[in-house]
Structures are given as structure tokens and as C-alpha cells.
Amino acid sequence: FGTNNMAGGGRSAKENTAEAGAKPARPSAGKLSLVLCEVALTVSCLRSGLLLHQAGAVYASKGMLFVGLASSLGALRFGGLDVGVAHDLWSRLATTVGIPLLGLQYLSNAGWNIPAPTIMRIFFVAAAFELGLQAKRLREPVETLLGAAAMGTVAVYGQTPYFGKLGAGAMVAAVVVGTSLTRKTLFLWNMDLFHLLLATAMTLIRLDLTVSQ
């Protein structure tokens, strides 16, 4: 998984094209740690998604699935497989659809009765808009706004005194770590930290939604 800043690695289209035509390389030590962090995020999302589905938190379980699929593709990509296009696609969908679904679960729990067809139309338009924007400078404000709204909802409508707020805080910290500016000023380990913070956020949000049941 990656934010719009992290998924493409800041490379040009020409560099990405050249990479697509190259043979997959064995991961270096740095990439191996990134693969392990992606795996940790995948396990956190898929386990949380299953438990949330069993608890009847349908929106949140689907949101976790989006993020988990993106992170699983990230593990394959950084492990040397040529899945860059699919990883970028699912990372953008996870940001535009998966994360907002978490916020939607909290609105639903708070009594906001939004008809399912309306929800589907909203997310279809959001996903189409996101995937249609090729310029990163245009995508970033949309993704930031959606993520902020979702995490604000988690913090406000948390089911427990601490888990929801801590989960939203971990998500915000992950976004800060994953921004272009931070990526240029910190060491390479910040990509590992980005994924570990996301894994922590997903686990905390799952606990917030299930521990009180």
C-alpha cells in the first residue's frame, strides 16, 4: 500500500515504463524490510476485515479489504514482481474508497441512514474522479480531504474512549510520514514506518468497532 506520494516513488513515467520492461530483481535488504512491513499491513487488514465482517461491520470490513489488497500487491511489487500498475491502481482505490468506508461505518453506527444505492453512486463517482486525475498535484487535495473526513469521523464517533481516537491518530501520523516533503527529509526507513503506522491504525479501529460488542 502507499499514499499517492509513496506508491509511485516519485518516479517519472519514463522510469516506470523502463522498470516495467525490466526483469524483476531480488529485493535488497531495504526492500526486504519494506516487504515485511507490507505483509504486516496485509495481515492486519485481512484479519481485521474478517473479524469486522463477523461483527456485522460491513462497511469497515470492505474498507479493510481494499487496503489489504493494496498492501498485498505492494509486498509482491517490492519483492520483485512486476505488479506496479496494479499496485498503484489499488493504492489509489484504497485511499479513495477503502479509507472513507471506515468513516462511513462510524456514521452508520451513529444512526446516519444513508441508502445503499446512494453510497454506491458516491463511491463510484469518487473512484472515477480519482482514477481520472493523472496529475499528482490534483489528486493529493482530494485524497487528503477524504482521509481527513474519514479519520475525523472515527475520532468523533469512536465506540470506545481510546481505540478510535488512537486509530485515527495513527492514520494521521502515517499520512504525515508518507508525504512527499517528509519522504525527502527523513531516512528511507520512513516507508517502513508508514506501513507499520497504517497496520497499527487498522488494528485499533477494528478493536474500537468490536471490543464493545
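How does α8 pass α10, in a left-handed or a right-handed crossing? In this predicted model, α8 passes α10 in a left-handed crossing. A crossing is called left-handed if the near helix is turned anticlockwise from the far one by less than a right angle, and right-handed if it is turned clockwise.

Before the tour goes on, a word on how to read the values. Residues are numbered from 1 along each chain as its sequence is written, and side-chain values use heavy atoms, with hydrogens and water left out. Local features need pLDDT of at least 70 and side-chain atom pairs count only at pLDDT 80 or more, while totals for chains, interfaces and linings use all residues.

**The overall fold**

The protein chain has ten helices and zero strands, which gives the pattern α-α-α-α-α-α-α-α-α-α along the sequence. Helices (H or I, at least four residues) and strands (E, at least two) are DSSP runs, numbered from the N terminus. Of the 213 residues in the protein chain, 44% are buried. Here buried means under 20% relative accessible area, exposed means over 50%, and partly exposed lies in between, with a 1.4 Å probe and protein chains only.

Helix α4 covers residues 58-78, and its 21 residues reach 30 Å from the first C-alpha to the last, close to the 30 Å expected at 1.5 Å a residue. The expected span is 1.5 Å times one less than the number of residues in the helix. Just after α4, G80 takes a positive phi of about 115 degrees.

Helix α10 (residues 190-210) also has 21 residues, and it reaches 30 Å between its first and last C-alpha, close to the expected 30 Å. How many of the residues of α10 are buried? The count is 15 of the 21, so α10 is largely enclosed by the rest of the structure.

**How the helices pack**

Axes are lines fitted to C-alpha atoms, for helices over the stretch in contact, and angles run from 0 to 180 degrees between N-to-C directions.

| Helix pair | Angle | Axis separation |
|---|---|---|
| α4 and α5 | about 160 degrees | 7 Å apart |
| α8 and α10 | about 160 degrees | 8 Å apart |
| α4 and α10 | roughly 155 degrees | within 12 Å |

The angle between α4 and α5 makes α4 roughly antiparallel to α5. α8 and α10 are likewise roughly antiparallel to each other, and α4 is roughly antiparallel to α10. The cut-offs are as follows: angles under 35 degrees count as roughly parallel, over 145 as roughly antiparallel, 65 to 115 as roughly perpendicular, and the rest as oblique.

The crossing of α4 and α10 is left-handed, and so is the crossing of α4 and α5. The residues of the contact of α4 with α5 divide into 19 nonpolar, eight polar and three charged. In this sorting, Ala, Val, Leu, Ile, Met, Phe, Trp, Tyr, Cys and Pro count as nonpolar, Asp, Glu, Lys and Arg as charged, and the others, Gly among them, as polar.

**The salt bridge**

Side chains of opposite charge can pair when their charged atoms come close. The structure holds one salt bridge, defined as a side-chain nitrogen of Lys or Arg within 4 Å of a carboxyl oxygen of Asp or Glu. Which residue forms a salt bridge with D88? The partner is R77, and the closest N and O atoms are 2.7 Å apart. D88 lies in helix α5 and R77 in helix α4, so the pair ties together parts that are eleven residues apart in sequence. D88 is partly exposed, at 22% relative accessible area, whereas R77 counts as buried at 10% relative accessibility.

**A few residues to look up**

Helix α3 (residues 29-54) contains L50, and S48 is found in helix α3 too. L50 is partly exposed, with a relative accessible area of 49%, while S48 is buried at 1%. From C-alpha to C-alpha, L50 and L65 are 8.9 Å apart in space and 15 residues apart in sequence. The C-alpha atoms of S48 and A60 are separated by 9.0 Å, and these residues are twelve apart along the chain.

In helix α8 (residues 163-178) you will find A173, which is partly exposed with a relative accessible area of 28%. A173 and L197 are 24 residues apart in sequence, with 7.1 Å between their C-alpha atoms.
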